[in-house]
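Got your viewer open and the cartoon showing? Let's take a walk through this model, one selection after another.

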Amino acid sequence: MKPGQKQLVTQAWERHRRHQLAISTTPAKVKEIMTSEHLCEMRRGLKDVFVAEIPMVCTEVYSDVEAVRRAAQQRGHTTGDTMTLNTGYNFLRRRDRQRALQQVRATRPWFLVLAFPCTAWSPLQSLNSNPERLQAARLRDEILVRFAAQLAEEQLGGGRHFVLENPLASAAWKLPCMRRLAARPDVGRVRTDMCCFNLRGPQGLRLRKPTLLLSSAQSVVSFFKNKVCTRKHSHEPTMGGTKVTGPAGHYTTSFAKALVQCMEVQFDWETQLLQAKRCAETHDAYIMEDCGTLDYVNETTHEAYAGAD
């Protein structure tokens, strides 16, 4: 058989096979397949826009250990610069707070991770510290708490997300700014124990460290609500000076990875909701092309292609 004849036979067989599959597949199955392919294409497109227009998946504020940032980068996400004293931000200074706020507004991170210092708000401070000195420390650090709440509000106003973490017993949760934030209908709260994420003390035992998370992401609330201590392992006390409290204030790799995975789940869920809304507002159809292939046409994408021509 000549090469030209072989090519014609091959093309004829492929065309016959496409027609055979189109006839043998139910319309419902065809729609399911084509809709799934279209959804995947849209999600990939949204992911590209997400990375290009919002260059940060997460940014850590106040934390000196960039565990969340590293975990996000390992998952292939673009992240922003961490804003801490180590990177030139002193949030007790107004100009640094304004600079950080401008950075958030300019970069519009999809997720903002917030954790203000908790030392002054610990119940132990009421027992061990001079009352006047403690009051002065809390007045100073209240600036940081209010700024964390402001950043969270900034995220909410832009339709983006945040997670804010501090010990469960922290007196900062009773401040008016925190009460207002927690009372919002689009903000959830969930308690977790850090021993579930392998937080350990200097003796090698786990540190329980009951922790409260505020977040605008349902994925965070849903994931962490069952992550409480089962009391099936031993703990060491979260006391004993900076040798213990220092490591206790850092995020473990396990906790950071869990946060990043929650971010991904939230993004995927909202992407699907957006796609479902767009499909409900447009019309789609299946057209048999001259070559025999079945093509999926969506009103929105079809108009976009027509405009491009």
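Start by selecting strand 3, residues 161-167. Seven of its seven residues are buried, so the strand is largely enclosed by the rest of the structure. "Buried" here means under 20% relative accessible area, "exposed" means over 50%, and "partly exposed" is in between (1.4 Å probe, protein chains only). Helices (H or I, at least four residues) and strands (E, at least two) are DSSP runs, numbered from the N terminus.

A word on what you're looking at: this is a predicted model, where local features need pLDDT of at least 70 and side-chain atom pairs count only at pLDDT 80 or more, while totals for chains, interfaces and linings use all residues. Residues are numbered from 1 along each chain as its sequence is written, and side-chain values use heavy atoms, with hydrogens and water left out.

Two strands pair if DSSP finds at least two bridges between them. Strand 2 (residues 111-114) pairs with strand 3 in the parallel sense, over four bridges. Strand 5 (residues 210-215) pairs with strand 3 too, in the antiparallel sense and over five bridges. Click on Leu164: its bridge partners are Leu114 and, in strand 5, Leu214.

Keep Leu164 selected, and show side chains. What does Leu164 belong to, along with Phe116, Val145, Phe162, Met178 and Leu181? These six are the residues that touch the most other members in the largest nonpolar core, which has 29 residues. (A nonpolar core is a set of buried Ala, Val, Leu, Ile, Met, Phe, Trp, Tyr and Cys residues joined through side-chain atoms within 4.5 Å.) The elements giving two or more residues to this core are helix 4, strand 2, helix 6, strand 3, helix 7 (176-183) and strand 5. Helix 6 supplies the largest share of the core, eight residues.

Next, pick Leu181. Setting aside neighbours within four places in sequence, Leu181 is in contact (heavy atoms within 4.5 Å) with Ala149, Ala152, Glu153, Leu156, Phe162, Leu164, Val187 and Leu214. Apart from this core lies another, of 28 residues, including Ala71, Leu207, Leu213 and Phe267.

Time for some rings. Rings of Phe, Tyr and Trp (its six-membered ring) pair if their centres lie within 6.5 Å; planes under 30 degrees apart count as stacked, over 60 as edge-to-face and the rest as tilted. The whole structure has nine aromatic pairs. Select Trp110 and Phe267: the ring centres are 5.5 Å apart and the planes are at 90°, so this pair is edge-to-face. Trp110 is in the loop between helix 4 and strand 2 and Phe267 in helix 10, 157 residues apart. Trp110 is buried at 9% relative accessible area, and Phe267 is buried at 11%.

Then select Phe116 and Trp173, whose ring centres are 6.3 Å apart with planes at 65°, so they are edge-to-face. Phe116 lies in the loop between strand 2 and helix 5 (123-128), and Trp173 in the loop between strand 3 and helix 7, so the pair ties together parts 57 residues apart in sequence. Both Phe116 and Trp173 are buried. One more stop for rings: Phe197, Phe223, Phe224, Tyr251 and Phe255 are linked by ring pairs into a cluster.

On to the charges. A salt bridge is a side-chain nitrogen of Lys or Arg within 4 Å of a carboxyl oxygen of Asp or Glu, and the whole structure has 11 of them. Zoom in on Arg75 and Glu264, which meet in one at 2.7 Å, N to O. Arg75 sits in the loop between helix 3 (67-74) and helix 4 (94-107), and Glu264 in helix 10 (residues 253-281), so the pair ties together parts 189 residues apart in sequence.

For a local one, select Glu142 and Arg146, with closest N and O atoms 3.4 Å apart. They are four residues apart in helix 6 (residues 131-157), about one helical turn. Finish with Arg93, Asp96 and Arg99, which are linked in a network of salt bridges.
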